[in-house]
Amino acid sequence: MSDFPEIFLDKVGKPLEQSISLQDYSNFKIGGRADYFFEATSTSELANSMSIAREQAIPYYIIGGGYNLLFDDDGFRGLIIKNRVEGIKQRQKRVEIEVFSGTPLSDVLQFSMEEGLTGFEFLAGIPGTIGGAVHGNAGAFGHSIGEFLKEAEILDERCQRIKVKRDYFGFEYRYSLLKEKQSVFLAAMFVLQEGEREKMKALIRDNLEKRKEKHPPLDVPCAGSFFKNPIFPDGKRVPAAYLLDKVGVKKLAVGGAAVYSGQANFIINKGDASARDVLQLAEELKQRVKKGYGIDLEEEVIFLPASPPLP
Ligand SMILES: Cc1cc2nc3c(=O)[nH]c(=O)nc-3n(C[C@H](O)[C@H](O)[C@H](O)COP(=O)(O)OP(=O)(O)OC[C@H]3O[C@@H](n4cnc5c(N)ncnc54)[C@H](O)[C@@H]3O)c2cc1C
């Protein structure tokens with residue numbers, strides 16, 4: 001028997017949970033059990049839990065809201081750390097706000113609205129935490145979170161807390177360097193602009209309306225757009241949904257996984273889908289687009305295998 005739980009309790013001061021169903025921690029509502037599970041509510045809990053897992057050679061993985069994740073049917077052989085380190089502070093300059101990584105995007109938007117700070121209206125309707133958003137440079141309607149980030153605090157691969165500037169993240173379309181490094185984003189300072197509340201409210205309403213037309217309601221189990229929008233040889237980015245629609249995938253399903261009728265780039269769980277169903281359906285979609293357009297679609301949704309290789 002592993003003595004990891006005792007060592008963890010000793011070093012972090014809070015117990016681990018064991019054999020936790022991951023279904024409850026992914027919006028896809030899919031996933032087996034994780035060996036160990038811990039909810040970190042402070043930066044030191046986050047840092048300590050990671051460094052103990054590293055010391056003990058226990059694989060670990062940090063999650064935010066689970067809105068961009070597909071867990072394995074076999075769960076996770078290691079420690080899942082759910083980030084609940086939340087909080088928003090205004091800095092001396094009114095337009096600068098500091099946000100902890102586990103803060104829900106909806107809270108960040110609400111805060112900026114109340115303070116009359118404009119910029120984050122594109123976040124309306126994007127579920128998840130600021131940590132998940134920075135990891136994948138979440139965006140919509142021509143904006144993405146990386147544009148607003150000035151500096152941040154991260155835990156690097158050796159679990160050291162360091163301050164970094166925006167350049168560190170190398171933000172691109174749905175990409176930040178966090179995708180390649182084992183570093184964890186702790187908090188960041190974002191720079192917004194003074195705005196007019198009525199204009200901001202109108203833009204938010206507008207964005208939510210546009211989403212309603214194409215996106216499934218938030219209570220439909222899925223993880224957002226399944227594929228990134230690919231770049232065509234002429235350099236133009238084309239919506240993956242358009243290509244998928246053209247190759248006629250809207251009625252496709254595998255087991256409990258189906259293409260959402262309102263938008264072909266969403267794979268939804270009709271109730272009893274397994275991760276295997278979702279991955280098989282995704283493969284079928286990729287093959288159809290490859291056949292029809294010679295384009296390789298790349299997944300935006302992140303699949304976490306039960307036993308990923310140790311870093
Ligand atoms: C209905 C719906 C609509 C969506 N619309 C959009 C949209 O318009 N635009 C868009 O970009 N996305 C969209 N998404 C996807 C999702 O909301 C975003 O990707 C969001 O940023 C995920 O945040 P999360 O906290 O849920 O991350 P999670 O799903 O929990 O994690 C995603 C990844 O981020 C990593 N991560 C999380 N926190 C940290 C951290 N602190 N440090 C380092 N890595 C971390 C995780 O390890 C994981 O690899 C949508 C999803 C749904 C379900």
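Which polar atom of a side chain lies 3.1 Å from the backbone nitrogen of G132? The polar atom belongs to the side chain of T129, and the views below begin with this residue.

The model is predicted; local features need pLDDT of at least 70, side-chain atom pairs count only at pLDDT 80 or more, and totals for chains, interfaces and linings use all residues. Residues are numbered from 1 along each chain as its sequence is written, and side-chain values use heavy atoms, with hydrogens and water left out.

Figure 1. T129 is placed in the loop between strand 8 (117-118) and helix 4 (130-135); helices (H or I, at least four residues) and strands (E, at least two) are DSSP runs, numbered from the N terminus. With a relative accessibility of 8%, T129 counts as buried (buried means under 20% relative accessible area, exposed over 50%, partly exposed in between; 1.4 Å probe, protein chains only). A polar atom of the T129 side chain is 3.1 Å from the backbone nitrogen of G132; a polar contact is a pair of N or O atoms within 3.5 Å, where within protein one must be able to donate a hydrogen and the other to accept it, and residues adjacent in sequence count only if both atoms are side-chain atoms. Leaving aside residues up to four places away in sequence, T129 touches G64, G65, S101, G102, T103, P104 and L105 (contact means heavy atoms within 4.5 Å).

Figure 2. Five bridges join strand 7 (residues 96-100) to strand 13 (residues 184-191) in the antiparallel sense, and E98 has M189 of strand 13 as its bridge partner.

**Figure 3. Helix 3 and its buried residues.** Within helix 3, L105, V108, L109, F111, S112 and M113 are buried. The buried residues of this helix pack against strand 6, strand 7, strand 8, helix 4 and helix 5. After helix 3 comes G116, with a positive phi near 70°.

**Figure 4. The largest nonpolar core.** This core has 34 residues, and those with the most contacts inside it are I97, F120, V134, L149, F169, F185 and F190; a nonpolar core is a set of buried Ala, Val, Leu, Ile, Met, Phe, Trp, Tyr and Cys residues joined through side-chain atoms within 4.5 Å. Two or more residues are given to the core by each of strand 7, helix 3, helix 4, strand 11, strand 13 and helix 5 (197-214). Helix 3 provides the largest share, five residues. Not counting residues up to four places away in sequence, F190 touches V95, E96, I97, V99, F120, I130, V134, I145, F148 and L149. Another core, of 28 residues, lies apart from the largest one and has A223, A264, I267 and L281 among its members.

**Figure 5. Salt bridges.** The count comes to 22 salt bridges, a salt bridge being a side-chain nitrogen of Lys or Arg within 4 Å of a carboxyl oxygen of Asp or Glu. K11 and E55 meet through their side chains at 3.5 Å, N to O. K11 lies in helix 1 (residues 4-12) and E55 in helix 2, so this pair ties together parts that are 44 residues apart in sequence. K11 is partly exposed at 44% relative accessible area, whereas E55 counts as exposed at 52%. E98 and R91 form another salt bridge, with their closest N and O atoms 3.3 Å apart. E98 counts as buried at 18% relative accessibility, and R91 as partly exposed at 31%. A network of salt bridges links R91, E98, E151 and K165.

Technical notes. Two strands pair if DSSP finds at least two bridges between them.
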